[in-house]
Amino acid sequence: MTLPPQPSAQFPAAVPPPPPSGRWRPERVDALPGTEFGLVQLRVEPITSGLAIGSLIAGIGSILVSLLVLCFGLVGSSEGWGGWVSGAFTLLSVAAGGGAVALGAVSRRQIRRSGRTGQVRFTGAGLGMAGIVCGSIGAGIALLSLALALVLQLSV
């Protein structure tokens, strides 16, 4: 006569319940008329807007490229190539700054319109505004640096 297999050998160990922060939390319960049932609406955590993050990254990139405009404009002004090189980098910086401003404006609109019942709620309005500001500053620094490089190159 053989013994039946042990339960621990057949089944894996039980999975522990999720932590309190990982459990579903009901937001509201709507009763279904004429029945004893209800519809549970679960709470969804807010999401940081990807457009706002992209806007800030593009704005910071615009500022970094505008510093290259200044450096190339100052170094190459005496040799005659500073205006050309700084002009090329100015185009890049202004394009990145304009993209940051556009992404920031779209992200702020996305955040403002989110959060209605049954929709995902987005956060990050401050990131979007920071992207708008950084993009504007980067484009402005690039244009001023280009003007400085051209004045220095023409005066030599």
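R109 sits in helix α3, which spans residues 82-113. Helices here are DSSP runs of H or I with at least four residues, strands are runs of E with at least two, and both are numbered from the N terminus. The model is predicted: local features need pLDDT of at least 70, side-chain atom pairs count only at pLDDT 80 or more, and totals for chains, interfaces and linings use all residues. Residues are numbered from 1 along each chain as its sequence is written, and side-chain values use heavy atoms, with hydrogens and water left out.

**Surface patches**

R109 has a relative accessible area of 47%, so R109 is partly exposed. Buried means under 20%, exposed over 50%, and partly exposed in between (1.4 Å probe, protein chains only). Patch members have over 30% relative accessible area and no salt bridge; like charges are joined within 9 Å, nonpolar side chains (Val, Leu, Ile, Met, Phe, Trp, Tyr) within 5 Å.

A nonpolar surface patch is formed by W24, V29, V40 and L42, with about 440 Å² of accessible area together. Areas come from the Shrake-Rupley method with a 1.4 Å probe; for residues, only the protein chains shown count as cover. V40 belongs to strand β2 (residues 38-42). V40 is partly exposed at 45%.

**Salt bridges**

There are three salt bridges. Each needs a side-chain nitrogen of Lys or Arg within 4 Å of a carboxyl oxygen of Asp or Glu.

| Pair | Closest N to O |
|---|---|
| R25 and E45 | 3.3 Å |
| R28 and D30 | 3.2 Å |

Shared partners join R25, R43 and E45 into one network. R43 is partly exposed, at 35% relative accessibility. R28 is also at 35%, and D30 is at 27%.

**Aromatic rings**

Two aromatic pairs are counted. The rings of F72 and F89 are stacked, because their centres are 5.3 Å apart and their planes stand at 25°. Rings of Phe, Tyr and Trp (its six-membered ring) pair if their centres lie within 6.5 Å; planes under 30 degrees apart count as stacked, over 60 as edge-to-face and the rest as tilted. F72 is partly exposed at 29%, and F89 at 26%. Ring pairs link F72, W81 and F89 into a cluster.
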